Amino acid sequence: MADNPEEQALADEWAAALAEAGDASQDDIDALMAQGTSPAAPEAPKPPKAPVEEFGQSSGGLTVSGMEGPNLDVILDIPVTISMEVGHTDISIRNLLQLNQGSVIELDRLAGEPLDVLVNGTLIAHGEVVVVNEKFGIRLTDVISPTERIKKLR
């Protein structure tokens, strides 16, 4: 016999299930409760699986739609970091510690080459330095296509 009301309610449910399946004694019910298995419970039908081809295959490759797709208002106000990279180089810590005012670091770009425009570290365009109202700016000369940007994310 069950000690508390919850166990008694569970035992009553098992008794009802066994009664539907056929005759069963209290000993059978107690044994099934101890095992934690369902007596003659039919397996629930599994939902059909969608074929992989529907999700992974498209005839035109990656397509980027304009604003007619899902509502993009949710992400339009997310701040991102935009940076311009003049060039880069690798330097040892020994040489880094020897740098002082007036030191010159040689970069991997030639003078006059376009700068890289990065958004959160991802290249999106190339540009050239301009001065606007006594402040530096950048004029975009080549913007990477949305399809190419999406490919770089993978």
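Which elements of the chain have the lowest and the highest mean pLDDT? In this predicted model, where local features need pLDDT of at least 70, side-chain atom pairs count only at pLDDT 80 or more, and totals for chains, interfaces and linings use all residues, the lowest mean belongs to helix α3 (residues 52–56), at 47, and the highest to α4, at 93. Here pLDDT is the predictor's confidence in each residue, from 0 to 100. Over residues 53–65 the pLDDT is below 50, and this stretch has eight contacts in the model beyond near neighbours in sequence, a contact being heavy atoms within 4.5 Å. Where pLDDT is low, the predicted coordinates should not be read in detail. The chain as a whole averages a pLDDT of 75, with 62% of the residues scoring at least 70. Residues are numbered from 1 along each chain as its sequence is written, and side-chain values use heavy atoms, with hydrogens and water left out.

Five helices and four strands make up the secondary structure, the helices (H or I, at least four residues) and strands (E, at least two) being DSSP runs numbered from the N terminus. Their order along the sequence is α-α-α-β-α-β-β-β-α. Of the 154 residues, 11% count as buried, where buried means under 20% relative accessible area, exposed over 50%, and partly exposed in between (1.4 Å probe, protein chains only). Among contacts between residues at least 6 apart in sequence, 30% join residues at least 24 apart.

Turning to the strands, β3 and β4 pair in the antiparallel sense over eight bridges; pairing requires that DSSP finds at least two bridges between two strands. Alanine 125 has valine 143 in β4 as its bridge partner. Two residues lie between the strands in this hairpin, where asparagine 133 takes a positive phi near 50°.

What does leucine 115 contact, leaving aside its neighbours within four places in sequence? This residue of strand β2 (residues 115–119) touches Glu85, Val86, Arg109, Ala125, His126, Gly127, Glu128, Val129 and Ile138. Leucine 115 counts as buried because its relative accessibility is 7%.

The whole structure holds two salt bridges, each defined by a side-chain nitrogen of Lys or Arg within 4 Å of a carboxyl oxygen of Asp or Glu. One joins arginine 109 to aspartate 116, with the closest N and O atoms 2.3 Å apart. Arginine 109 is partly exposed at 22% relative accessibility, whereas aspartate 116 is buried at 12%. In the other, the side chains of arginine 139 and glutamate 128 meet at 2.9 Å, N to O. Arginine 139 lies in strand β4 (residues 135–143) and glutamate 128 in strand β3 (residues 122–132), so this pair ties together parts that are 11 residues apart in sequence. Arginine 139 is partly exposed at 47%, and glutamate 128 is partly exposed at 36%.

On the surface, Val86, Ile91, Leu96, Leu99, Ile105 and Leu107 form a nonpolar patch with about 480 Å² of accessible area together. Patches are made of residues with over 30% relative accessible area and no salt bridge, like charges being joined within 9 Å and nonpolar side chains (Val, Leu, Ile, Met, Phe, Trp, Tyr) within 5 Å. Isoleucine 91, in the loop between β1 (82–85) and α4 (93–97), is partly exposed at 40% relative accessibility.

Technical notes: Accessible areas come from the Shrake-Rupley method with a 1.4 Å probe; for residues, only the protein chains shown count as cover.
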